[in-house]
Amino acid sequence: MKKLFDDVSFKCSVLVTKSYSTSFSLAVHMLAPSIRDAIYSVYGFVRFADEIVDSFHGFDKETLINDFEEEYYKAQKLGISLNPILNSFRQTVDKYNISDDMIQSFLKSMKMDLIKSNYHTKEEYDEYIYGSADVVGLMCLKVFVNGDNEKYIELKEEAMRLGSAFQKVNFLRDLKDDNLVLNRNYFPGFDLKSFDENSKALIIKEIEEDFSVALQGIRKLPLEAKFGVYTAYVYYKKLLRKLENTPCHKIGSERIRVSNYSKGILFANSFVTYKLKLV
């Protein structure tokens, strides 16, 4: 019966992914079936932690995130958790040898969101992104290489840069909510009031550099992972282009999205590109 519970746990992670992000869930669906559940479980873990600090207003967020961390480590000790998200993630951590320093770095960045509003220096900004995004890319890479440590080391930098690019696009897209709702400003050197076309161009240039490095890594991924990761890459590049073509005042006043129709075209084009071995 434990296997049945584990199956239910992974299905809960799938449900979390599909409920919170249709784009990411579609990209995960493009991965080989053998690794999908593991990536769903990673997403479920990071999504729940992120929701605690970003969405659970009116509740004691500090207690909730500390309890979430404590329950994870209790699950590691016992080999099971009645929280299905933690139960599935724990198995992925063990199976793919995801190091604890990655999990600690991630949780550290999540906790920073409870006490820090502004990132004044590049060092602070980079540290936050490393914990909130880069290590998530590294967790996924652990799954993709499936124990091939040489391949992991080869692709580590590219995986981190892809995580950085995704996170920075999210920061740019969510500029209004981060500043006005959550009272956070991640980009050093300016805030919503000083955001203009020049600052937007600088941010986009930085993201493009991350994407350029990341693409080299995507090309070297195992076949089980390449198409799914490339699909996510194409989606975020499209979102970046849309942000680039949107006036800065509009980015600061609304959340820019890619329509479902455009997503469908993107994913179809990604499939053709992949099949033609252009990536």
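D191 is partly exposed, with a relative accessible area of 32%; here, buried denotes under 20% relative accessible area, exposed over 50%, and partly exposed the range in between (1.4 Å probe, protein chains only). The structure is a predicted model, in which local features need pLDDT of at least 70 and side-chain atom pairs count only at pLDDT 80 or more, whereas totals for chains, interfaces and linings use all residues. Residues are numbered from 1 along each chain as its sequence is written, and side-chain values use heavy atoms, with hydrogens and water left out.

D191 is located in the loop between α9 (175-181) and α10 (197-218); helices are DSSP runs (H or I, at least four residues), numbered from the N terminus. When residues up to four places away in sequence are not counted, D191 touches N179 and N185, contact being defined as heavy atoms within 4.5 Å. The C-alpha atom of D191 is separated by 8.9 Å from that of N118, a residue 73 positions away along the chain. The loop between α9 and α10 also holds N183, which is exposed at a relative accessible area of 52%. N183 is not a glycine, yet its phi is positive, at about 55°.

A positive phi, near 55°, is likewise found at N97, a residue other than glycine. Most residues other than glycine have a negative phi. N97 belongs to the loop between α5 and α6 and counts as exposed, with 56% relative accessibility.

Helix α6 comprises the 16 residues 100-115. The expected span of a helix is taken as 1.5 Å times one less than its number of residues.

Two packed helices are described by the angle between their axes and the distance between the axes. The axes are lines fitted to C-alpha atoms, for helices over the stretch in contact, and the angles run from 0 to 180 degrees between N-to-C directions. For α6 and α7, the angle is about 145° and the axes are 8 Å apart. The crossing of α6 past α7 is left-handed; a crossing is left-handed if the near helix is turned anticlockwise from the far one by less than a right angle, and right-handed if clockwise. On the α6 side, the contact is made by M102, I103, S105, F106, K108, S109, M110, M112 and D113, and on the α7 side by E127, Y128, Y130, G131, S132, V135, V136, L138, M139 and K142. By class, this contact of α6 with α7 has 11 nonpolar, 4 polar and 4 charged residues. In this classification Ala, Val, Leu, Ile, Met, Phe, Trp, Tyr, Cys and Pro count as nonpolar, Asp, Glu, Lys and Arg as charged, and the others, Gly among them, as polar.

Helices α3 and α4 pack at an angle of about 160°, with 8 Å between their axes. This angle makes α3 roughly antiparallel to α4, a description applied to angles over 145 degrees, with those under 35 counted as roughly parallel, 65 to 115 as roughly perpendicular and the rest as oblique. The passage of α3 by α4 is a left-handed crossing. In α3, F45, F48, A49, I52, V53 and D54 meet K61, L64, I65, F68 and Y72 of α4. The contact of α3 with α4 has 9 nonpolar, no polar and 2 charged residues.

Helix α3 also packs with α2 (residues 22-29), the two axes coming within 9 Å and crossing at roughly 155°. Helices α2 and α3 are therefore roughly antiparallel to each other, and α2 passes α3 in a right-handed crossing. The residues F24, S25, V28 and H29 of α2 meet R36, I39, Y40 and Y43 of α3. By class, the contact of α2 with α3 has 5 nonpolar, 2 polar and 1 charged residues.

Two further helical residues were examined. V93 lies in helix α5 and counts as buried at 5% relative accessibility. Beyond four places in sequence, V93 touches Y72, Q76, I98 and I103. The C-alpha atoms of V93 and T273, 180 residues apart along the chain, are separated by 32 Å. D210, in helix α10, is buried at 5% relative accessibility. Beyond four places in sequence, D210 touches R161, S164, A165 and K168.

Key
Helices (H or I, at least four residues) and strands (E, at least two) are DSSP runs, numbered from the N terminus.
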